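Please consult the structure while reading.

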Amino acid sequence: NLTLLSVGEGITGYRDDSLETVKRNEVQYGLPLRIVSYKELYGWTMDEIVREVGRKNNCTFCGVFRRQALDRGAALEKVDRIVTGHNADDIAETVVMNILRGDVARLQRCTAVTTSGGETIPRSKPFKYTYEKEIVMYAYFKKLDYFSTECIYSPNAYRGHARAFLKDLESIRSTSIIDIIHSGDSLAFRKNVKFPTLGTCSQCGYISSQTLCKACVLLQGLNKGLPRLAVGKTNTSK
């Protein structure tokens with residue numbers, strides 16, 4: 001049984017339009033739909049957060065909140081697996097970003113087709129080797145009802161630098177995206193590399209390697225009027 005799950009970040013002119021597409025998909029495919037929103041989960045919309053933090057670090061908040069929102073929505077639906085639409089471009093960008101950040105913990109799992117950590121619901125990425133342009137072309141020629149507008153806050157995102165870098169690489173070597181994914185799959189780590197130990201957040205119960213999960217730390221900063229309190233890396237692996 002399949003269930004549609006969508007997250008409403010509260011981005012005027014972007015997510016509100018895409019949610020209308022998802023609602024039509026619910027009718028077109030005869031599948032139940034659950035929408036979870038940042039406002040109901042965290043008490044903030046992304047538009048409100050951006051007004052507080054500006055456009056430089058807003059994607060940090062959105063990425064953390066969105067990952068947790070998907071898990072919470074899936075738990076409400078009592079599903080046994082989350083299937084996301086991440087494509088080859090997304091995964092190659094993530095590999096590059098994790099290398100640039102030196103984030104070994106995420107680097108060692110970011111190319112996996114299926115991921116699961118502790119008590120979280122397993123996630124699968126069936127489009128791992130499918131290019132973004134192939135998905136858009138398929139949807140276009142099949143006349144599927146889809147939404148492809150870019151987030152209005154994404155131009156300043158860190159991911160944008162990785163995306164631009166990959167596009168430049170593709171112009172020189174057409175197989176760059178798949179090559180980077182294969183490189184990520186082939187990475188080996190020394191046995192003495194220490195990865196974070198996963199536990200649960202003392203405040204919300206979500207999986208975390210710290211006493212408080214990143215979402216709760218970010219929320220504390222927002223609610224105290226110190227939104228930049230937890231922006232940046234809070235733990236590392238050596």
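**Contacts, cores and a helix crossing**

Q: Which residues is Tyr38 in contact with, leaving aside its neighbours within four places in sequence?
A: In this predicted model, Tyr38 is in contact with Val7, Gly8, Glu9, Gly43, Trp44, Met46, Cys62, Phe65, Arg66 and Ala69, its neighbours within four places in sequence being left aside. The term "contact" applies because heavy atoms lie within 4.5 Å.

Q: Which residues touch the most other members of the largest nonpolar core?
A: This core has 26 residues, and Tyr38, Met46, Ile49, Phe61, Phe65 and Leu222 touch the most other members. At least two of its residues come from each of α2 (38-42), α3 (46-53), α4 (58-77) and α10 (214-223). The most is given by α4, with 6 residues. Another core, of 15 residues, lies apart from it and includes Ile91, Met97, Ile180 and Ile181.

Q: Why are α4 and α10 called oblique to each other?
A: Their axes come within 9 Å and cross at roughly 130°. Angles of 65 to 115 degrees count as roughly perpendicular and those over 145 as roughly antiparallel, so an angle between these ranges is oblique. The helices α4 and α10 are therefore oblique to each other. The crossing in which α4 passes α10 is left-handed.

Q: What makes the contact of α4 with α10, by class?
A: Thr60, Phe61, Val64, Phe65 and Gln68 of α4 meet Lys214, Ala215, Leu218, Leu219 and Leu222 of α10. By class, this contact has 7 nonpolar, 2 polar and 1 charged residues.

Terms used: Residues numbered from 1 in each chain as written. Predicted model: local features only at pLDDT ≥ 70, side-chain atom pairs only at ≥ 80, totals over all residues. Heavy atoms only, no water. Core = buried A, V, L, I, M, F, W, Y, C linked by side-chain atoms within 4.5 Å. Buried < 20%, exposed > 50% of the residue type's maximum accessible area, 1.4 Å probe, protein only. Helix = DSSP H or I, 4+ residues; strand = E, 2+ residues; numbered from the N terminus. Axes fitted to C-alpha atoms, helices over the stretch in contact; angles between N-to-C directions. Parallel < 35°, antiparallel > 145°, perpendicular 65-115°, else oblique. Left-handed = near helix turned anticlockwise from the far one by under 90°. Nonpolar A, V, L, I, M, F, W, Y, C, P; charged D, E, K, R; others polar.
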